[in-house]
Amino acid sequence: VPFLECYSLLHLYYGVPKHCRLCNFPSDTASHILNGCTKLKNMYQQRHDRIVNLIYDKVVGRSKVDTVVLKDTFITPDKLGSQNPTFNHPHNRPDIVGIDKKSRTATIVEISVPFDAHIEKTYTHKFDKYYPLSLEMNQLDYSTRIIILIVGSLGYVHKRFMSGLKMLNLSSTDAKYMTRYCSNSAVIGSHKTWKIRCKQIGYDQSN
């Protein structure tokens, strides 16, 4: 991804204004362009959703017969066979959830595409975000696990990405392939984001 010509960097050499020319954020860094600009939120969402769809399709294909796999769905107690109206914890819409009522097991899968320097922080944040939901599921006599899958917007993948895929019943070969595929997908999405940004600010990428 050609990110060298961000305005924060050009400011050091040429004294140009370093704010973002799309949202007026005071520092137009590579991190801001690929993950933080309010005017590019749709591009970030498309990049994220593409990876969610890739993983969801694999999970559905590898799931047991009795497992129901839900994508981008509000999880309520009735989906686990309870009469309670709702969970107390507000964060109850993970990217993917697998529910097996027969074995009374549930798997929460959350996927994120932060800037690469923030991968570890994002992993911890996402786990902490859905941990209370898993505890509420446990109270309904479900054995619950949380799988966090993080791939950076420049393509770096978290060290637990492959092991997380294996926990979703992917073979070592499939997990390795999917890891590379998701990494490439993130890079392609970031490149598209960069091109849209350049077009909107009138920047000539051929220079």
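**Cores**

I started with the largest nonpolar core: it has 21 residues, and I51, I55, I111, L149 and L165 touch the most other members. This is a predicted model, so I read everything below with that in mind. The largest share, five residues, comes from α3.

I picked I55 and listed its contacts. Leaving out residues up to four places away in sequence, I55 touches I96, I111, L149, F161, L165, M178 and C182. Apart from this core I found another one, of 18 residues, with I75, L80, V97 and L133 among them. I jotted down the general point that in soluble globular proteins nonpolar side chains tend to be buried together.

Next I went to I75, which is in the loop between β1 and β2. Is I75 buried or exposed? I75 counts as buried because its relative accessibility is 0%, and the cut-off for buried is under 20%. Setting aside neighbours within four places in sequence, I got contacts from I75 to L70, L80, F87, N92, P94, V97 and M137. I checked one of these pairs: I75 and P94 are 19 residues apart in sequence, and their C-alpha atoms are 8.1 Å apart in space.

S185 has a relative accessible area of 11%, so I logged S185 as buried. Beyond its neighbours within four places in sequence, S185 is in contact with R50, I51 and L54. I51 had already turned up in the largest nonpolar core, in the group that touches the most other members.

**Strand β2**

I walked along β2 (96-100) and found five of its five residues buried. Which residues point which way from β2? I see I96, G98 and D100 pointing one way and V97 and I99 the other, and all are buried. My side note: in a regular strand the side chains alternate between the two faces of the sheet.

I then checked the pairing. β1 and β2 run antiparallel and are joined by five bridges; K71 has I96 in β2 as its bridge partner. On β2 and β3 I also got five bridges and an antiparallel run, with I99 standing opposite A106 in β3. β2 and β3 make a hairpin with four residues between them, and R104 in the turn has a positive phi of about 55°.

Last, I ran through the pockets. The largest pocket has a volume of about 490 Å³. I counted 20 lining residues, with Q45, H48, D49, D95 and I111 nearest its centre. How many lining residues of the largest pocket are nonpolar, polar and charged? I have six nonpolar, five polar and nine charged.

The second largest pocket comes out at about 300 Å³. I find 21 residues lining it, and T67, T105, T107, R145 and N169 are the closest to its centre. In this lining, α3, β1 (67-71), β2, β3 and β4 (143-150) each supply at least two residues. I noted eight nonpolar, nine polar and four charged residues in the lining of the second largest pocket.

Methods: Residues numbered from 1 in each chain as written. Predicted model: local features only at pLDDT ≥ 70, side-chain atom pairs only at ≥ 80, totals over all residues. Heavy atoms only, no water. 1 Å grid on protein atoms, 1.4 Å probe; cavity = no way out; pocket = protein on both sides within 12 Å on 5 of 7 lines; lining within 4 Å. Points joined across faces, edges and corners; volume = space filled by probe spheres on them. Nonpolar A, V, L, I, M, F, W, Y, C, P; charged D, E, K, R; others polar. Buried < 20%, exposed > 50% of the residue type's maximum accessible area, 1.4 Å probe, protein only. Contact = heavy atoms within 4.5 Å. Core = buried A, V, L, I, M, F, W, Y, C linked by side-chain atoms within 4.5 Å. Pairing = 2+ DSSP bridges.
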